[in-house]
Amino acid sequence: MIRRTTLPARTLRARVTLLATSLVAVVSVLLLWLAWRLVGDSVAAVPQLPPGTLVQVDGVDVEASVLSEHLQEQARQRVVVAGLSAFGFVVTAAAILAWTLTSHVLRPLREITDTARRLSVESMGERIGDVRTRDELAELARTFDAMLDRLQAAFDAQRHFVANASHELRTPLAVIRTELDVTLSDEQADEAELRRMAGVVRDATERAERLVNALLLLARTDGAELAVVERVRLSEAVDSAWRAVRAAAEEKGVSARFELGEATTTGDPALLERIAGNLIENAVTHNVENGWLEVTTREGDGQWVELAVRSSGGVIADDTVAGLFEPFRRAGVARTARTGAGLGLSIVQAAVRAHGGSVEAEPVPGGGLAVTVRLPAA
């Protein structure tokens, strides 16, 4: 929480003014002392008349040595009086000038502080903008605006994610409640009806459970550091993922082809297996009857290894591919479909980024999707 106070800015202004005034005062005192010494030395260096010599001043005879001492003292007094007057003027002018210039210099800083004080979740769109100066404060303002842009994007994504998650969770809960209300209101419901209701409730519960587990996995993966780092062969991750969905693929008539070359990376084995699992599971789930699936692992240019998953499926527009990596977006199916929670590619993207890699997708001509993951080579 931002404390509503302007004390730090005023204190900084006062400190800068005090520092500048003190520096000018010290230098002025030093110059005054040097002038006093120089005047005294200059008068003392004047050639002296022989002792006992009388000098007539305004009709009065005065001994030359007494006159010399008097002139020397008078010159020093004049230097002191003029110097003190100049000292007071210079110090006062320095204080006023430092206070005024400090106020001008710190004005952008006050603008930054005022903007930060006004900000809240509801007013994240406000920015500092261009400041009058072109120095470090201008760089601070640009950095602050860039930080606000990132924060606003994060808040917007969070609100969008929470809204979508609420919508997705509401669907199975609504199904459960509707089935329960309908069945309980039917006094003639027999065992078969109760079993049917129980089956629907079980399916809705499993869907909600899968959604919650996917949300937890996404929350743990997105922006997190790897807890385990090991050497992992991508072919082994693909084998494990394929065993999990092989039965569903055969039931759907999907023919699979694998080209598993040598490709080793380092990272969390569980997350790497989840990357391959989500891609292959999506390829089977969103495939067409008697479709096809191709999985390839290979070495890249020496610094990267690749995992590519291509499959047949529905036709996907080019301008919608990037949105598939957003939460709750499904490839070619309606939002209310029962085929997954729409978090598979979001989890893949978060896990790939956690490993320092990249992921991209493109539609397959005629229908389907091709996803390529690049990870650092071991």
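I looked up where helix H5 meets helix H6, taking contact as heavy atoms within 4.5 Å. On the H5 side I listed Ala-237, Val-238, Ser-240, Ala-241, Trp-242, Val-245, Ala-248, Ala-249 and Lys-252. On the H6 side I listed Leu-272, Glu-273, Ala-276, Gly-277, Ile-280, Glu-281, Val-284 and Thr-285. These residues divide into 11 nonpolar, 3 polar and 3 charged; Ala, Val, Leu, Ile, Met, Phe, Trp, Tyr, Cys and Pro count as nonpolar, Asp, Glu, Lys and Arg as charged, and the others, Gly among them, as polar.

The model is predicted, and local features need pLDDT of at least 70, side-chain atom pairs 80 or more, while totals for chains, interfaces and linings use all residues. Residues are numbered from 1 along each chain as its sequence is written, and side-chain values use heavy atoms, without hydrogens and water.

Next I checked the geometry. H5 (residues 234-252) and H6 (residues 269-285) pack at about 15°, with axes 8 Å apart; axes are lines fitted to C-alpha atoms over the stretch in contact, and angles run from 0 to 180 degrees between N-to-C directions. H5 and H6 are therefore roughly parallel, the word for angles under 35 degrees.

Then I turned to helix H7. Among the buried ones I noted Leu-345, Ile-347 and Gln-349. After H7 comes Gly-356, with a positive phi near 75°.

Last, I noted that 35% of the 378 residues of the chain count as buried.

Conventions. Buried means under 20% relative accessible area, exposed over 50%, partly exposed in between (1.4 Å probe, protein chains only). Helices (H or I, at least four residues) and strands (E, at least two) are DSSP runs, numbered from the N terminus. Angles under 35 degrees count as roughly parallel, over 145 as roughly antiparallel, 65 to 115 as roughly perpendicular and the rest as oblique.
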